[in-house]
Amino acid sequence: MKSLPESFAKLVESLEKLPSIGKKSAMRLAYFLAFEDKFSALQIAHNIEHCMQELRICEECFGISKESVCEICSNAMRNNGELCILTNPKEIFLLEESGEFHGKYFVITSLESLNIKFLENKIIRDKVREIIFALSPSLNSDSLMLYLEDKLSYLDLQFTKIAQGVPTGVSLENIDQLSIIRALQSRVKI
């Protein structure tokens, strides 16, 4: 990018570091922000700065929060005995958007970061009866589920996982083999 002005080249390089943004997309975005809509560029910069200063990780569920304890964890109406285990804080927003889950969450980004005693205390304190695993299908996810089932077996919990398989409206030719296998294994009676 030697022919580009240095500041523009740095903007393109910064945008390229974002997930799913390639070189061409970064160039288009940089041009749009620098020349076509400077107000949006300033607004985006302000919103990024504001998020970085204001947001933190919830001390209870390890989700994203404005306060030390998020709105979901501090909501007494969410104590229905269900605890959903996730591996990424942003996934909470996806499940919340569905409006189907009314329990609480717990994010485990890696097995190494898991404080099992903290999780056990949360389960006992919140009177959790069911652990729901909302994990992407992988060997790591399967290992995490088996590990937690073993470590928490003395608590007399029900362990479930979200259904996996063929998404609605997607042709079978666009589905990976693991999803097809899981869909066949988890088939239901009509």
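pLDDT is the predictor's confidence in each residue, on a scale from 0 to 100. You need that score from the start, since this is a predicted model: local features need pLDDT of at least 70, side-chain atom pairs count only at pLDDT 80 or more, and totals for chains, interfaces and linings use all residues. Residues are numbered from 1 along each chain as its sequence is written, and side-chain values use heavy atoms, with hydrogens and water left out.

**Stop 1: colour by confidence**

Colour the protein by pLDDT. The average is 90, and 97% of the residues score at least 70. Now pick out strand β4 (residues 104–107), where confidence is highest at a mean of 97, and then helix α8 (residues 177–185), where it is lowest at 77. The helices (H or I, at least four residues) and strands (E, at least two) are DSSP runs, numbered from the N terminus. A word of caution for any model: where pLDDT is low, the predicted coordinates should not be read in detail.

While you are in α8, click Ile 181, which sits in that helix. Ile 181 is partly exposed because its relative accessibility is 40%, and the cut-offs are these: buried is under 20% relative accessible area, exposed is over 50%, and partly exposed is in between (1.4 Å probe, protein chains only). Stretch a distance line from Ile 181 to Gln 164: they are 17 residues apart in sequence and 9.6 Å apart in space, C-alpha to C-alpha.

**Stop 2: the cavity**

Rolling a probe the size of a water molecule over the atoms shows where empty space is left. Here that turns up 1 cavity of 30 Å³ or more. A cavity is a set of points, on a 1 Å grid over the protein atoms alone, where a 1.4 Å probe fits but cannot get out; lining residues have an atom within 4 Å of a point. The largest cavity has a volume of about 40 Å³, the volume being the space filled by probe spheres set on the points, with grid points joined across faces, edges and corners.

Which residues line the largest cavity? Select Arg 78, Asn 79, Asn 80, Gly 81, Glu 82, Leu 83, Lys 104, Asp 126 and Val 128. By class, that lining has 2 nonpolar, 3 polar and 4 charged residues. For the classes, Ala, Val, Leu, Ile, Met, Phe, Trp, Tyr, Cys and Pro count as nonpolar, Asp, Glu, Lys and Arg as charged, and the others, Gly among them, as polar.

**Stop 3: two lining residues up close**

Keep Gly 81 selected; its place is the loop between α4 (71–74) and β3 (82–86). Is Gly 81 buried or exposed? Gly 81 counts as buried because its relative accessible area is 4%. Not counting residues up to four places away in sequence, Gly 81 touches Lys 127, Val 128, Arg 129 and Glu 130, where contact means heavy atoms within 4.5 Å.

Asn 79 is partly exposed, at 40% relative accessibility. Leaving aside neighbours within four places in sequence, Asn 79 is in contact with Lys 104 and Asp 126. Val 128 is 49 residues from Asn 79 in sequence and 8.0 Å away in space, C-alpha to C-alpha.

**Stop 4: positive phi**

Most residues other than glycine have a negative phi. Go to Lys 127, in the loop between α6 and β5: its phi is near 55 degrees, a positive value. Lys 127 is exposed, at 63% relative accessibility.

Then jump to Phe 62, in the loop between β1 (56–57) and β2 (64–65). Phe 62 has a positive phi of about 70 degrees and is partly exposed at 32% relative accessibility.

**Stop 5: Glu 120**

Finish on helix α6 (residues 116–125), where you will find Glu 120. Glu 120 is buried, with a relative accessible area of 9%. Show side chains: that of Glu 120 makes a polar contact with that of Tyr 154 (3.5 Å). A polar contact is a pair of N or O atoms within 3.5 Å; within protein, one must be able to donate a hydrogen and the other to accept it, and residues adjacent in sequence count only if both atoms are side-chain atoms. Beyond its neighbours within four places in sequence, Glu 120 is in contact with Lys 151, Leu 152 and Tyr 154.

Terms used
1 Å grid on protein atoms, 1.4 Å probe; cavity = no way out; pocket = protein on both sides within 12 Å on 5 of 7 lines; lining within 4 Å.
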